[in-house]
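The following paragraphs go through a predicted model.

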Amino acid sequence: MDKITIAIDGFSSTGKSTVAKRLAATLGYIYVDSGAMYRAVTLYAMNNGYIGEDYFDEAGLIAVLHNIDITFHFNEELGFAEVFLNDINVEKQIRTLEVSRFVSQIATVSDIREKMVLQQQRFGKDKGVVMDGRDIGTVVFPHAELKLFMIATAEKRAQRRYDELIARGDEVDYEDVLQNVQSRDHIDSTRADSPLTKADDAVEIDNSEMTLEEQFEIVYQYALQKINKTT
């Protein structure tokens, strides 16, 4: 059976990563969380003094991009690949609200996007990949056989993110999470370089009222249809 490339784009906290991980595992495909790559760069910038609440040394960060190495290592116990930043597992650190506050700002930098896109395209050169993010179907894989665009209301997405952070033991406020979701939506959609937009040939899925199981089944059926057409 021929393999295809599956691009899943959408707003933050629409469950893209969750459904993409499961879809890749079910199909036996490689899964790449492109958003995690930008989060890793953000963590590096935070830890090394390039970004904070009231400053962003964009030029300084660009100058040291060659020092940032991002890789994925499959964790058999978890069933998905974890993110490593310069050979250190940062899977948990990059999922904090603190990183979320700055990641959209980091992702607006063209030099960073260029570096990330080139690496993402290398991941998918042999097809058989499921990748989620903001510009996968429009920039990274414009010729992907299946493109999906996930949406949900800001309130639903904020509640999902809040529940996830609380379950992890983080101390967060729902209103702070909602504000972060809305802020990221604005930055992602209005940035000059590769803004978040739905590809013309993408299938839009509003999962505001869907369970994870319902969402996965819809996505899985779309994938099977495309795979069968290429066989």
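**From the sheet to single residues**

Strand 1 and strand 8 run parallel and are joined by 5 bridges. One of the residues involved is Ala7, whose bridge partner in strand 8 is Met131. The two strands belong to an open sheet of 5 strands, in the order 2-8-1-9-10, with parallel pairing. At the edges of this sheet stand strand 2 (30-33) and strand 10 (203-206); each has a single partner strand, so one side of each has no neighbour in the sheet. On average, neighbouring strands here are turned by 20° against each other, with direction ignored.

The nonpolar cores come next. The largest of them has 38 residues, and those with the most contacts inside it are Val41, Leu61, Ile68, Ile70, Val83 and Ile112. Several elements give two or more residues to this core: the helices are helix 2 (34-47), helix 4 (97-106), helix 5 (110-123) and helix 6 (136-140), and the strands are strand 5 (70-75), strand 6 (80-85) and strand 8 (129-133). Helix 2 provides the largest share, 8 residues.

With its neighbours within four places in sequence left aside, Val83 is in contact with Ala36, Ala40, Ile70, Thr71, Phe72, Ile88, Asn89, Val90, Glu91 and Ile94. Another core lies apart from the largest one; it has 19 residues, among them Ile8, Leu23, Leu27 and Val130.

Beyond the neighbours within four places in sequence, Thr14 is in contact with Met150, Ile151, Ala152, Arg157, Arg160, Asn207 and Gln215.

Ser183 lies in helix 8 (residues 174-190). Its relative accessibility is 37%, so Ser183 counts as partly exposed; that class covers values between the 20% limit for buried and the 50% limit for exposed. Ser183 and Glu217 are 34 residues apart in sequence, and their C-alpha atoms are 30 Å apart in space.

Definitions and conventions
Residues numbered from 1 in each chain as written. Predicted model: local features only at pLDDT ≥ 70, side-chain atom pairs only at ≥ 80, totals over all residues. Heavy atoms only, no water. Helix = DSSP H or I, 4+ residues; strand = E, 2+ residues; numbered from the N terminus. Buried < 20%, exposed > 50% of the residue type's maximum accessible area, 1.4 Å probe, protein only. Contact = heavy atoms within 4.5 Å. Core = buried A, V, L, I, M, F, W, Y, C linked by side-chain atoms within 4.5 Å. Pairing = 2+ DSSP bridges. Axes fitted to C-alpha atoms, helices over the stretch in contact; angles between N-to-C directions.
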